[in-house]
Every structure is written in structure tokens, then in C-alpha cells.
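Dear colleague,

I am handing over the structure below, and I would be grateful if you read the notes that follow with the coordinates open beside them.

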Amino acid sequence: MSQRRQYPFHLIEPKWQAAWDAAQTFRAWNPGEALPAEHPFAQRHGLAGKTPGAAELPPKFYILDMFPYPSGAGLHVGHPEGYTATDILARYRRARGFNVLHPMGWDSFGLPAEQYAVKTGQHPRKTTETNITTFKRQIKALGFSYDWSRELATTDPEYFRWTQWIFLQIYSSWFNPETNRAEPISTLKYPPELENVGQASRLSQTSSEGKGDGDRRDACPTDLEERRRAYRDSLRLAYVSEAPVNWCPELGTVLANEEVIDGKSEVGDFPVIRRPMRQWMLRITAFAEKLLNDLDTIDWSDSLKEMQRNWIGRSEGAEVDFQIAECGMRNAECDQRIRVFTTRPDTLFGATYMVLSPEHKLVDKIATPEQRKAVEDYKAFAATKSDLERTELAKEKTGVFTGAYAINPVNSERIPIWIADYVLISYGTGAIMAVPAHDTRDFEFATKFNLPIVQVVQPPDPKTDWRGFVDDGTSVNSTGPEISITGLSTPEAKQKITAWLESKGLGKKTINYKLRDWLFSRQRYWGEPFPIVWKDGHHQALPESALPVLPPPLDDYKPTADGQPPLARAKDWVNLPDGSTRETNTMPQWAGSCWYYLRYLDAKNGRRFVNSSTEKYWMGGYAAPFPKGQVWCKEMRELFEYAYARGARKRRRLAFAYVGASQAEQIKSATGLETCGMFHTIDSYAINHVRKRHSDEYLETKRGQIPVSAEDYLLLPEVVTAPDRIEHLGKTHQGLDVIGFAKQINGTLLVVEEVHAGRNLLAVVTLYKRKMPAASGVAIGTCSFTSETLRRTAINYNHELPPHKPELSAPAFDSPEFRDSQTRGMSPTPGIDLYVGGTEHAVLHLLYARFWHKVLYDLGHVSTPEPFFKLVNQGLILGEDGQKMSKSRGNVINPDDILKDYGADAFRLYEMFMGPLEMVKPWNTKGVEGVYRFLGRVWRLFVDEASETEFEQNCAAQPERAAEFLAQIKLSPAIKDVAATPAQLKTLHACIKKVTEDLDGLRFNTAISAMMVFANEALPWETKPVAMLREFMILLQPFAPHLAEELWSKLSGVFSAESKAQSRKPNVGPADAPATLDLGPWTLDLAYQPWPPFNPAFLVEDTIEIPVQVNGKLRDVIRVAANASQAEIETAALKAEKAQQFLAGKTVKKIIVVPKKLVNVVVV
RNA sequence: GCCGGUGUGGCGAAAUGGCAGACGCACGGGACUUAAAAUCCCGGGACCGUAAAACGUCGUGUGGGUUCGAGUCCCACCACCGGCACCA
């Protein structure tokens, strides 16, 4: 585009960016920091010159963007999508009176810089710094309100000093299953055989352990001490393993399982092979249960939570031991057992053979001489297959018989033992019992190799073929000499058989996870070195005083010829004077991004990774002022409306909520109510269960529809055996009946609510309480989340909030933290209030960071168990052709080009206007022009045309002085200090309402369209009341901050008290009546001006239009008084002109009047 | 195969169970201009009508259902996108 600019954004944008930088406008203040008197934040909150603590500061709002890797390619239009969204919210929250933390930094370790170094010899730091400079320049050009004083980079030694420190915390800890948390390794108790100690070794133990392993003095070299060390090291959260790893020869490094996609490296798509290597591992599996359960306490999208759940992959089942009956070993050695894991112990009677993974350690021992050759061949065959081949060629099952047999413990049947590669060594025990009748894979295998298939489960529908039936049913053919489960339902059968196995010592109930421990070392140069040294074959932690461990300078960044990591080249660095040697692996890129959000809180702290009171302020939520149960009580009454409304919007009718046991008890005793909790998720499990339970006849009578009733819930397996309680809980505000069913099961409570209107079932709300960790942060965060959303929902739905007992809820919103009325109803949350980023981090970064955070939480270093309370995934932006943007397709949009043509404000606006944040949407540069034109209209709403023409002529004549001339542009003479007309007030307040609600709901696109409507309506006004435009600027400011600042400064130049005092009064006519400006003073920065309050009174009209329907079809529109009675509306509707032909000759059966909405006449 | 998400004009999209298509793009017509750009005004779901309208019928992936009324709720499908996948 080459036409004239809509407005001089090229002058305005740099001007304000420089001004914000100079004034540090967006600095966020920590508790205990002295606030400069002139800073607008201090002025807004009456803290000028003070040094407020956490209690005096306004409520915090921590809004975070995902950590960018500064690549050489520069910014991409996808980056600013999330950044713009967070920036708009940061600015909005600032206006609402929050202390907003909105930081940015660099995840700057990374492979590209290292590969460039390998090729050219240029130090990766150099490349990294150049890239950061580019990224920062591009990001700053967009006018984001980041607090740049907190900028950080993972490659900065002052940053990775603390990354290494956290590693040492992990290294020096173990997971105590009794307390269910990470603890210092010093709390580890040795087993009895290591406990019988002499004086010397006891001393040795206390002296080395008491200092958290920081002490490198030589241990007493007794055998006992050696064994103790081995024991300790085997339980650390960071440990060394010799297991096979994913080695990528091309990249010269190992990769974590998650970094390998279809047998190729995620980065570069290079082949990956398995190879045994000594590696550092982090024991993330110890946290699997917590990582899974705590998903219920945070506000993430269902799909993201589901991805994490799938990744963790919890499955409940039993381990069962099978005795080997005959094998290739001598009889004495044959007395071995094979342990299998199964989720279906109820199918044990159908186990007709066993399968070991080819890598299973018993394979060689049990293979009979006749089969040995075949087994060896098959093992070789399986070993040559890469992971890729194993999955892609999965169509055909392969395997060989070992010649050995095992005994099925339930019926003493002799069953053959096979090996096959469809059984993975890495999952469960590496061995299975095969039940071909009820497992798809076993069925295929058995069919191919002609193994017997025995039915043990009867499908509920007799027409269903039992062969390959894998769902729940009824056990059949399941009676042995000692145990029978025939006739039992699948859940009952599982329970009974497992109990029997346990009693006989043949097996036990077990939980398995797909999640593996985290492979934490990489053979790279450009990463954090481990703060670890090796001596006499043992690893030791370096003391904190040795941090940061810097990578040594190198001439060559390649791995060594013998396959050692690049760091091994630095002999002087590796070999220490005391004879110990340094660890030469480095940490993976994920390490730095696991905790960066904590460093932002206190980025310059040289003594600690983050000051703990600072951490509490930004991450802690407001645990103290909220007596737990009381707040929950207050939410109680509102929960139904919320769940119902949200369920309706999400096209769902079921909702689950979870709540901690202690809270529930408090609430119950305080109110007598049973239900409380956080709206959680829809559970398809319940729906499926209900479907399965019903017979065909029943389903038929419902003509394909299955009303999921509360009664159905009572038949969930968890509930079956409990006594029930059914009661009428009351009515909704609409007068609909709410019926509750409550069940007490083993200390947990299931509550179901149903809502009926006549015979229609409108909704089922299920509040399903189960045991939850009773961490205070969880409860409070859950509460505030519920509260805010409820409040909004109630407003949206025009519901009156149900009254609640003030003595129960008073602390919540009248505490000092909420003294600013602007922040009322928007309470802070524990952890990060909002985290925005792409889905690509769904499992890696988010799972790792949660893990580190939980370790730090258990060790008492941070105050919440979860780091990211609310997380939103932005949708991908596609190219203009609807394809993914990529260099090869040539459809990549460079933000720099857009900025040059349309400016940052238009770019920001377009990024948000494209559609909902979470959606995938194609870029369309033409669309930028639409929002750009809108900004032009806003500009013309304010400025005097003649002076702008003059400005342009001057610029053309002397382009170098353009910035100076900007001041010559005058305010439009139509802007006056007069009272607004009712119509104008209506226009403005409709806009305030929509923008406010949409920002709370992250609906940026519709907020922008509301502002467009305002501009379109305001443009023709002959007189523009300054108060209108002023408030509109505050609304626009989060979206288009540069333009808003410029116009604001022009407004204040003319209308501020000081200007008036100087009686310049240019272009201002006599004021009819001064408009009341009840907002902040002109002297306060626009960025800190209070958000305009919405006044519904201005939207009220005397008469309203009401559509008239006849039999549900629109026939006419009538105009009636806004307060017209039902009867009046009915009368008017029957008289409606255009409706007459549809009413003539018919009998009016019924008239439905929806107040202020519509009238529908039913005729026959 | 399993899990999650999404289907509405030529396009991006909007609609607490209550006037489908707000807002914007593209397009068409007009005003201004020597002209173009910019700007401003008007018009655009389909069909049937008509000089043009009005009126009418149909219309939110498909087929059913609930309801006075369904894009929205329920059931069964279909398509596309994303994730996981011999996980026992």
C-alpha cells in the first residue's frame, strides 16, 4: 500500500514508546520497594514516596507470556498474538487498579546457536546476543507494557546460577512416600541392614549429609558407607542411570522421549537410535499422581488437561505372578515367577498364553533348547527395528514361542509363553498375560498363531460378539478350584479377584503410569553445566559457593571423536586439582524455562533465586484474609447458576466439581448445605457409564435419547453401595425446582442436582467431591476463580445474585486487598493469574515446570503447589492461503512489514480482531486495513482537519522536523466541555459495558467491534462532549495505546485544569454546563486512569421494540413502553398490523410474553 | 482406534433457548475529484415474485427429537483440525 497514512502513526508510536521507557511507566513494584513520588502507579494508589508492604499494595495481577526462544529468523506474527492479548489485559488490569506484573525475557539456550557454532566457530553467546537484540527491537516496536527492568535470559550466568542451584535442590532430595512429598535427602532412613553402624560411619554420615551434600570431603571408605551411598543415590530425585536412551547421531546428543516423534528427532527430523548410556535422570514419576490430581485445581482448557492426563497415563490394575511350569532351565532354576501387569484382572480365567517383551531378562533363561534358535533370531529381528518401524509396521503381529510354559494361578492351566514385540519392555513389567477374547492385540496375535480364545466376559447386549469385546460386562467361565467370579459385573469381579490374589500372595493392586523419568542430560555445549563432579566413580554436588559453573571456552564445539560431549574437550576445566572430574553433560533447554516465571518476581536478586516474601505477594494469592470455609459458603448459592450457564454455553449439560474434604465439612456445619466446589469439567465417563447401564428396550422407549438423570449417577460404581439421601434443594431464581441427591461414600460425598421445569429436565449439575490435598492455596484459588466467573455470569445472564449471609462472606471482598472498588469482583489467584501461549508446550514445558515447582513447594521454597493457575492457548495463525506458515510455502508474514505500512496499533488490533484468541485462523493483510481505517476514524473524531493539512504540508516541506510538527495538529473544535445527551451517554455506556465484559471473558474481537460501533456513531456528532471522548480513550488505551496516548495528550492540553487556568481556551466554545469528570485527574497518566464504570441507567429506554411471533415465526415488531405490563404487550401484539393475516380466523391458544424480549402468539 | 476441538454468507466472524449474519474484509452502486487514491453515503444469505418494492418460502455440516420458539438443549451420523497410540 502506498496511499496516504490514516494518521501519523510513524511519529506517534516511537514518541510514546520512548516516553514510557523514560518514565518507566510500566514498572511493577515489589513489596518493600520505595515508590517514587512521580510514578503514576504511586499517584493512582496514594503511595507516592512510600514504601508499601504486601498489605498496602493493591492486589497483584501476574500475567505471563510463554518464554520465547530468540531465533535468528526474528519475530513471527504468531508471537504477537499472545503478547497482544496479555498486553491488553495487563493494561486493562492496571486501569482496574491492580499491581500488574507483565514481564518478558529469553529462553536463549538452544540448538541453532550451537549448530552455527559447530559450523563457523562463532561462540553461541555471540549468536544468541544478536538474536536477542533483534527480538527485543521487534517486540518493543509493538508498544507492549512490559516491565523491562525484569528482563532475563537463561544464558546469563546470573540466571543459570540459580538453575544450577535448583538442580542441586532436586539432587539433594528424595521423595518420601510416607509424607507424599519431596524432602531433603537427610530425612532418608536407611533400611535395617544399613542401620547397624559403628561410630565412625555415623559421624561420616551426619557430617556429609547434614550439609545437604554440599561438602566434598572424602567419605569414610567403609563398605557400609559405600552401600549407604548407593542406597541414597538410588533414591535421589536426580539420579544417574545406564538405561538405553534415544541417541541422535546427527545432533550428537540424546533426546528425551518427548523430543522423539515417530522415531525421528523433533528438532531437525533426524533418525534416532536406542543406545545404552550413562545419563542424569529426574524422578518426575514420583510426582505423577500429584501432577495428575492437581490438574483439577487449575483453570486450564479441557483439551490441555486431557493431553497432560494422557501423557501421565495412569492406569489402575493388578500385578499378578505366574509360576513358570517348565522351561529351558534346570528344574531348580525353573522355580521362577513372571510378573505381569493387567488392568483387567477380572479376565484372568481367559488368559490362554503369556507374552514377554523380547528384551525381557527372563527370555534367555526360559527358552528351551529346541526354541533357542528361533528366540535368538527373533530378538535380533526386534532389536534391528527402530521405534519408527515398530509403530508403523504394527499392522502385522509377530512373535515366537519360547518353548516354556507357565501356570495360570486361578485355574492352574498350563499356558505357553511367547515373546513378541507388541509387548514393550518399558511399560508395566515388560510381560503380559494375554486374554485374546477381550483384548484387541491379544486377539489379533492369537488368531494369527492359532492360540486358544476363551470367553470370560459376557457383553451386556447379547447380540454383541464376545470375541474382541473389550468393555465392561459380566464375568463368565470364571470359576476355579479356589475362586469364582462368574456372574459378577466387571468392577465387582476386578475387586474380588484382586483381593483374592492379594490374600494368596499371588499379586497386588497396582497403579502404572506411562510417564517415564525425565532424561535430563544432553551432550551439548550450549546449556547449563551440571554443578556436579565425579570422584572414584561417585558423583558429588558442588557447594553453592561454586555457582555458577560456567562453560569453558572452546575452539571446537563438536562432540569428541570418541563420542564424548563437547565439554570434555576442555581438559583443564574438566580435571580438578583434587583429582575429581567435572560432569561434561549439560542440561536440556527445558531447564531454564522450568522456573523463569519465578525469577521475574525478583530478577536482580543476587542472594536467592527469589525473595520469599516477594514470591508470596506475586504467587501466593490472598490466603490470609480468606477464612477458608466461609468464602466457599458464599459461592455455594451461586454455583448452580454458574454451572448451568456455563453448561448451556458449552453445549453440555453435566458438570463436575471437586472440593477438598476440610472445606466441605466447614461449609456443611455452617450452612447445612452439601454442595460446594469449583466447576470443573464434563465427564464423558459418566455419560458412557449411564449408556452402558441401560438395556436396549429402555433406550428404545426413549427413542434414542438418554436423559442422564440424577438416579443414573447413583448407580455409578462408586455409589452403588452407599445409602442415599434425596431432597428438594429449593428453586432457582426462575422458579425451577432443584432436586438434590447426596451420597456419602467412604468419606467422600457425591451430590447431584437436577433442575426441572415442568416435565423438562433442564440441567444436571453434579458436584462430585473427592479427597484432595488440603493445601490452602488450592482452596482459595479455586474459590476466587469461581467467584469472578460467577459474578460475571450472573451479570451476563441478568441474574440477581442470591443473597448470602454477610457474616459468612464479609472478608472476601471487603478486605484491605479489595478496598479499591475497581478491583472488586476480580480477586487474585494463587500462582500466575494468566499464562498465554501456544499448544506446542502442552506436555513438555508445562509438565516439567509443574514438576520443578512442586519440588520447590515441597521443600518450602515457594508458596503454591501449582505455578500456572489459569492458562489459555492461543490459536495458530495460518498464512493467507489457509496453510501453516512456512518458509517453503512462502506464505510467512513478517510483522516488520505490517508495522511499516499500518503501525503497531493497527497490527495489535488486527491480531485481536481476527477471531477468538483460542481459534486457529488465517491471516489476511486486507483485514489489517479494516482496523487501520477504524483507527483513522478515531483520529478524525478528535483532530482539526485544517491543522492536520497544514501539518502535512509542513512535513512534506521539512520531513526531518516532522516530529516537531506533530504538536501543530489541533483538537477538533467540535470537542467541547458540555454535558452529553442521553443518546450519547447510551452509545458510550453500551460500549463500556461490552468492552468490560468482553475483556473479562478474553473476547477481544467483539470488544473491538463494540469500539468500532462507538466510533461510527460518534463521528457524525456535531458537538462532542469531552467527557465522552475521554472515557472512550481509556477504553481504547489497552488496545491501541500509542494513538490513545497521543489523543489523550491533546485532550488534556486543552481541557486540563492547568490549561484552563492559563485561559488559552483555544477553539472551545462557551460551556453550556461543565460535564462532570468523575474519573482520575488529567495529570494522571492515561495508563493509570481508572477504568470507566458502567452505568446501566444510561441504557434504559422509555419505549422498546418487541418482536411479535405467531407460532414461533416473526411477523411484526411493535413498540411499547419499557415498563409495559404483560397484558398491555399481549393486547398490542394482537393488534399488530402485519400479524393480522396470521391471526385471522384462528383461535388464540396461548400467548408467551418474554419481558423486554419478545411475544409469541400461539394459534390453532 | 482413542481423546479433545471446530462446522453459520464469497471470506474472518457475531448471536444469556427469543428479530440469524453485529463488526470487519471483499464486492456492487453513488457523492467528492480533471483523474486516481483517501474519505463519506447506500446495497449485498438463497429462492419465488416485481419496473422496483412489499408480501411469501427456505436457510447455521446431515438426519431425528425436546420446546410456544433451536445456530444454541438431547440422540445418531458426516467432514475437517489438533493430540495420543501395540501403554496390557
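**Lys604 and its surroundings**

In this predicted model, a polar atom of the Lys604 side chain lies 2.8 Å from the backbone oxygen of Ser149, which falls under the definition of a polar contact (a pair of N or O atoms within 3.5 Å, where within protein one must be able to donate a hydrogen and the other to accept it, and residues adjacent in sequence count only if both atoms are side-chain atoms). Lys604 belongs to the loop between helix 19 (596-599) and helix 20 (612-619), helices (H or I, at least four residues) and strands (E, at least two) being DSSP runs numbered from the N terminus. With residues up to four places away in sequence not counted, Lys604 touches Ser149, Glu151 and Arg599, contact meaning heavy atoms within 4.5 Å. Lys604 is exposed, with a relative accessible area of 65% (exposed is over 50%, buried under 20%, partly exposed in between, with a 1.4 Å probe and protein chains only).

On conventions, residues are numbered from 1 along each chain as its sequence is written, while chains are lettered from A and ligands numbered from 1 in the order in which they are written. Local features need pLDDT of at least 70 and side-chain atom pairs count only at pLDDT 80 or more, whereas totals for chains, interfaces and linings use all residues, and side-chain values use heavy atoms, with hydrogens and water left out.

**A helix pair**

Helix 11 (residues 302-312) packs with helix 28 (residues 844-858) at an angle of about 75°, their axes being 10 Å apart (axes are lines fitted to C-alpha atoms, for helices over the stretch in contact, and angles run from 0 to 180 degrees between N-to-C directions). Helix 11 is therefore roughly perpendicular to helix 28, a term for angles of 65 to 115 degrees. Leu304, Gln308, Trp311 and Ile312 of helix 11 make the contact with Leu846, Leu847 and Arg850 of helix 28.

Four strands form an open sheet in the order 38-37-40-39, with mixed pairing (two strands pair if DSSP finds at least two bridges between them). Strand 38 (1113-1121) and strand 39 (1148-1154) are at the edges with a single partner strand each, so one side of each has no neighbour in the sheet. Strand 39 pairs with strand 40 (residues 1158-1163) in the antiparallel sense over six bridges, and Lys1150 stands opposite Val1162 in strand 40.

Key. Parallel < 35°, antiparallel > 145°, perpendicular 65-115°, else oblique.
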